[in-house]
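Okay, everyone, thanks for coming. Let me put the model up, and then I'll walk you through a few spots.

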Amino acid sequence: AASITNTSSIVHYPVELCGNRGQVHLPKIFLINATSLVKTGAVEALQTDICTQETDVIIVCETWFMHNMPDSMFHIKGFKLYRVDRLRRKGGGVCIYVSDRYDSKQLNLCDNCCCELELLCIQCNISSNESVSIIAVYHPPRSIYGEALLRDAIAEYYDIIQTNYPRSFVILGGDLNKFDTRFITEDLGLYLLMTGPTHGKN
């Protein structure tokens, strides 16, 4: 299991993550804070990037999608789009593009989960006996919810994955800003791939 935070990056898996599972074919993941995929040419630029990188999964933070914008506006050929849009305010939002080569589906939290969270989880089967669970999160610098709500929601997703897909690799990626990542490593036991600044000195 691993956790990543970055502005734009390809995820590289350390050998020790595979443990004693032998040869594991994990997807190539591209993570980006787009600061709007709505702006002219943004989706086309992203498509060029992922074609160049031969990416299987794309995690996008700050999509700026709105509920009245159909998926067709942001379609990338060969990929299925999953999204969670920010409610009632401009900006924010997360989405995950998954290659059509993989069987994937969205996992949902309980109905009373805070609707202000910009959080998304996808279960992806990459072979007959291998799967990966991908959690995308955007935690804004000035969130309108307490950090404890986000910790609880991430923990609930992790519990759902461990209960239903116990052998699945877990990847948590996004833009967490000032969120305390010790919870991710100490409580969930994930391996932090990014340990230094990802945006200037932040």
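So, strand 8 and strand 9 run antiparallel, with eight bridges joining them. Those two strands form a hairpin, and five residues sit between them. This is a predicted model, by the way, so keep that in mind throughout.

On the other pairing, strand 7, residues 103–107, also runs antiparallel to strand 8, through five bridges.

How enclosed is strand 8 by the rest of the structure? Largely, because seven of its eight residues, 118–125, are buried.

Glu-118 is buried, since its relative accessibility is 1% and the cut-off is under 20%. What does Glu-118 form a salt bridge with? That would be Arg-86, with the closest N and O atoms 2.9 Å apart. This pair links distant parts of the chain: Glu-118 is in strand 8, while Arg-86 is in the loop between strand 5 and strand 6, 32 residues apart. Arg-86 counts as buried too, at 14% relative accessibility.

Staying in that region, Arg-83 and Asp-85 meet through their side chains in a salt bridge, 2.7 Å from N to O. Arg-83 is buried at 16%, and Asp-85 is buried at 16% as well. In total, the structure holds seven salt bridges.

Searching the whole structure for cavities of 30 Å³ or more turns up one, and the largest cavity holds about 30 Å³.

Tyr-145 sits in the loop between strand 9 and helix 2. Is Tyr-145 buried or exposed? Buried, with a relative accessible area of 8%. Its side chain makes a polar contact with the side chain of His-139, at 2.8 Å.

Last stop, helix 2. Arg-151 and Glu-147 meet there in a side-chain salt bridge, 3.5 Å from N to O. They're four residues apart in the helix, so about one helical turn separates them. Here both partners are partly exposed: Arg-151 has a relative accessible area of 30%, and Glu-147 has 25%.

Definitions and conventions: Residues are numbered from 1 along each chain as its sequence is written. This is a predicted model: local features need pLDDT of at least 70, side-chain atom pairs count only at pLDDT 80 or more; totals for chains, interfaces and linings use all residues. Side-chain values use heavy atoms; hydrogens and water are left out. On a 1 Å grid over the protein atoms alone, a cavity is a set of points where a 1.4 Å probe fits but cannot get out, and a pocket is an open set with protein on both sides within 12 Å along at least five of seven lines; lining residues have an atom within 4 Å of a point. Grid points are joined across faces, edges and corners, and a volume is the space filled by probe spheres set on the points. Buried means under 20% relative accessible area, exposed over 50%, partly exposed in between (1.4 Å probe, protein chains only). A polar contact is a pair of N or O atoms within 3.5 Å; within protein, one must be able to donate a hydrogen and the other to accept it, and residues adjacent in sequence count only if both atoms are side-chain atoms. Two strands pair if DSSP finds at least two bridges between them. A salt bridge is a side-chain nitrogen of Lys or Arg within 4 Å of a carboxyl oxygen of Asp or Glu.
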